[in-house]
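Visitor: Please walk me through one part of this model in close detail. Show me where it sits and what it packs against.

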Amino acid sequence: MNQTWPWPTLLSNQNKKAIAPGPVMVDIEGLQLSEHEKKRLQHPLVGAVILFSRNYESPQQLTQLCQSIHDLRDEPLLIAVDHEGGRVQRFKSNGFTHLPDMATLGKLWQQRPSLANRLASEVGYILAAELRACGVDFSFTPVLDLDYGQSQVIGNRSFDRDPQIVAGVSRSLIQGLALAGMAACGKHFPGHGFVQADSHVALPVDERSFEDIMKDDIVPYLALGDMVLPSIMPAHVIYRQCDAQPAGFSKFWIQDVLRDRLNYQGMVFSDDLTMEGATVAGDITQRAQAAFSAGCDMVLVCNRPDLADELLQHLQHQMPAESVNRLRALYPQQAFMSWSQLQQDSRYLYARELRSKYLPA
């Protein structure tokens, strides 16, 4: 493909670019990097990469892909994925453990809370260990939305309707992630579970009062805080009685509520700016600028490489030092075992045994 790039030509393969991470997360199209994608990932505005099912064939292939991404820059790009379990698990075959939906853990908590917390921790460990053994740094999990029984997109991705159960079981899952050296991300602030519409294809509107949202949906965020939950993703939902903008573009939700009232100091990712719920803010550059103005640290552009290139060409935004530090705090702090080593690891094998014994396949 012929392409005129809006940034300098790549350095040679022997000389990686020594630049700080930027404020944009992008994706890639296949099982390995194209030359076009290598150039995109060396753009100074890029700071992270998100992977999808199309990027996975086997643990060995995924490991090679992650290594090629990490090798592009002196400070490696953060490699992320939506890997929650249930119907949102990007890698499922050729060795990856099929993880249960979170509602299964919530239902178990109502019967045997201690066992549910133990299994949530084991599921979190398996999730993070398998990803890290392939070179993936970070997963956008857990879902902290409450299950009101009416959301088209949340449903059994939620632990439960009860915010205390959501807070407790998610804490255990996060502990499991941490055992494998992976940070967590709570989504979708302040809560996506009440609205029926799917923000991927529509712009949901939540008509509840601020008081109702605070007494239920925000409870898990209050209970966990940034020491347990180092990153958050806002919802592409308008809470009309609180603000006219979707939460991801709202200074009220991100600055007034999250930063000031909840004193949250962690990373704030936008949800995918190509989703229908984000189009209210304008073109892709206007959407990114609206997210940054509201207080997001990093924006995501997924499944539209043309819009990713457009954003990188036109966006004028330098990632503040505090946002860079928040992003760096999400990087794994220690090396992890390889996939072959993981398959022989007694801690991992025990976690898989417990998962098979107590949770449906």
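Guide: Start at arginine 40, in helix H1 (residues 35-41). Helices here are DSSP runs of at least four residues (H or I), strands (E) of at least two, numbered from the N terminus. This is a predicted model, where local features need pLDDT of at least 70, side-chain atom pairs count only at pLDDT 80 or more, and totals for chains, interfaces and linings use all residues. Residues are numbered from 1 along each chain as its sequence is written, and side-chain values use heavy atoms, with hydrogens and water left out.

Arginine 40 is buried, at 2% relative accessible area. Buried means under 20%, exposed over 50%, partly exposed in between (1.4 Å probe, protein chains only). In sequence, arginine 40 and alanine 308 are 268 residues apart; in space, their C-alpha atoms are 8.7 Å apart.

H1 also meets helix H2. The buried residues of H2 pack against H1, E2, strand E3 (78-81) and helix H12 (339-342). Contact means heavy atoms within 4.5 Å. Those buried residues are Pro59, Gln61, Leu62, Leu65, Cys66, Ile69 and His70. H2 has 12 residues and spans 16 Å between its end C-alpha atoms, close to the 16 Å expected at 1.5 Å a residue. The expected span is 1.5 Å times one less than the number of residues.

Asparagine 55 lies in the loop between strand E2 (46-51) and H2 (59-70). Its relative accessible area is 0%, so asparagine 55 is buried. The side chain of asparagine 55 reaches the backbone nitrogen of phenylalanine 52 at 2.8 Å.

Helix H5 (residues 163-179) packs with helix H7 (residues 219-228) at about 25°, axes 7 Å apart. H5 is therefore roughly parallel to H7; that label covers angles under 35 degrees. On the H5 side are Pro163, Gln164, Val166, Ala167, Ser170, Arg171 and Ile174; on the H7 side, Val219, Pro220, Ala223, Leu224 and Val228. The buried residues of H5 also pack against helix H3 (102-111) and helix H4 (113-133).

Last, the ends of H5. Aspartate 162 caps the N-terminal end, with a side-chain oxygen 2.8 Å from the backbone nitrogen of glutamine 164. Just after H5, glycine 181 takes a positive phi of about 80°.

Notes:
Polar contact = N/O pair within 3.5 Å; in protein donor to acceptor, adjacent residues only side chain to side chain. Axes fitted to C-alpha atoms, helices over the stretch in contact; angles between N-to-C directions. Parallel < 35°, antiparallel > 145°, perpendicular 65-115°, else oblique.
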